[in-house]
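Biologist: Pick one part of this model and take me through it closely, please. I'd like the contacts spelled out, and then how that part sits with its surroundings.

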Amino acid sequence: MTTHAQQSSEVAAPRPRTVVLGQNQYGKAENRVVKIVREGATHHIKDLNVSVSLSGDLDEVHISGDNAHVLPTDTMKNTVYAFAKEHGIDSAEQFGIHLARHFVRSQPAITRARVRIEEYAWERIEDPAAGPDTPRHSFVRKGQEVRTTQIRYDGERWEVISGVKDLTVLNSTDSEFWGYAKDRYTTLKEAYDRILATDVSARWRYNWSDETQEMPSWEESWEQARAHLLRAFAETYSLSLQQTLHQMGARVIENRAEIDEIRFSLPNKHHFLVDLGPFGLDNASEDGAVYLAADRPYGLIEATVLREGAAQSIPADLTNL
């Protein structure tokens with residue numbers, strides 16, 4: 001009779017060394033955790049989507065099926081929820097740092113951890129007539145905007161990249177586009193007063209990299225970086241979306257000393273003047289025009305803005321971050 005162990009041994013027989021294992025990692029993705037903090041009748045909410053990925057000495061689990069170095073992904077899930085209770089969630093960044101440090105330092109076979117977090121914002125539903133003792137525990141999801149952070153840790157060095165995605169912004173004027181290259185296929189008319197709109201995806205890298213440095217105030221830094229992005233978008237008289245992108249990045253770098261690099265991916269959400277001539281109507285922008293909001297195809301503007309002397313390390317393709 002063949003035992004289970006014998007069957008496993010036969011399946012796990014060594015293979016010829018014509019194949020080499022490349023980069024590998026494993027983890028628990030998209031752990032949805034909501035943390036409620038109660039201060040009397042006033043509640044506070046943190047709503048996160050946490051993905052953990054670990055790498056290190058994991059050759060044998062791939063080659064022979066030996067699980068001795070494998071921390072179950074179910075354990076990772078449990079750790080996320082336990083840490084939310086034990087440590088709280090002061091910020092997405094700090095929570096990710098707690099998790100990455102724990103997995104690298106508690107598992108001898110694990111040498112690198114990556115924690116990716118999306119945070120979904122909620123705003124309080126306020127009653128203007130309510131008194132100070134009125135319960136404040138009702139919330140509404142705040143638009144489609146998502147806060148992001150990615151923590152990498154190798155036991156010595158940290159990399160923290162935070163940002164935002166799906167932040168929709170629009171200027172109804174103070175935008176032009178003209179003087180561009182033309183060829184036989186160009187039909188686009190030059191615009192001297194147009195709508196400029198985009199869904200901002202931005203990632204910025206902090207220059208905090210080891211625990212001997214003073215850690216940034218993560219919540220304040222993220223809020224201020226976002227505010228600078230928005231103010232630069234609003235205050236730039238734009239001759240191109242590229243110019244606006246550069247102004248947004250420059251304002252963050254110039255005003256936030258803890259940030260060295262910022263990467264943008266900005267789809268140009270086109271708004272085209274509707275031809276109302278067949279109806280005897282002049283659709284001039286001077287007196288308030290009517291536009292067609294087109295969702296696709298769209299121009300896609302992407303670039304990195306760096307502090308002078310800083311090295312670029314955020315991936316060019318933000319879908320890989």
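Modeller: Let's start where two helices meet: Ala-92, Glu-93, Gln-94 and Ile-97 of H4 touch Trp-218, Glu-219 and Trp-222 of H5, contact being heavy atoms within 4.5 Å. Bear in mind that this is a predicted model, where local features need pLDDT of at least 70 and side-chain atom pairs pLDDT 80 or more, while totals for chains, interfaces and linings use all residues. Numbering runs from 1 along each chain as its sequence is written, and side-chain values use heavy atoms, without hydrogens or water.

By class, the H4 contact with H5 has 4 nonpolar, 1 polar and 2 charged residues (Ala, Val, Leu, Ile, Met, Phe, Trp, Tyr, Cys and Pro are nonpolar; Asp, Glu, Lys and Arg charged; the others, Gly among them, polar). H4 covers residues 92-106 and H5 residues 218-235; their axes are 8 Å apart, at an angle of about 135° (lines fitted to C-alpha atoms, for helices over the stretch in contact, with angles from 0 to 180 degrees between N-to-C directions). That makes H4 oblique to H5: under 35 degrees would be roughly parallel, over 145 roughly antiparallel, 65 to 115 roughly perpendicular, and the rest is oblique. Helices here are DSSP runs of H or I with at least four residues, strands are E runs of at least two, and both are numbered from the N terminus.

Another polar contact, at 3.0 Å, goes to the side chain of Arg-256. Glu-258 sits in the loop between helix H6 (241-255) and strand E7 (259-268), and counts as buried because its relative accessibility is 14% (buried is under 20%, exposed over 50%, partly exposed in between, with a 1.4 Å probe on protein chains only).

H6 lies across E6 (196-206), E7 and E10, at about 155° to E7. The open sheet has 8 strands in the order E1-E2-E3-E4-E5-E6-E7-E10, paired antiparallel (a pair needs at least two DSSP bridges). E1 (26-39) and E10 (299-306) are its edges, each pairing on one side only.

Methods
Polar contact = N/O pair within 3.5 Å; in protein donor to acceptor, adjacent residues only side chain to side chain.
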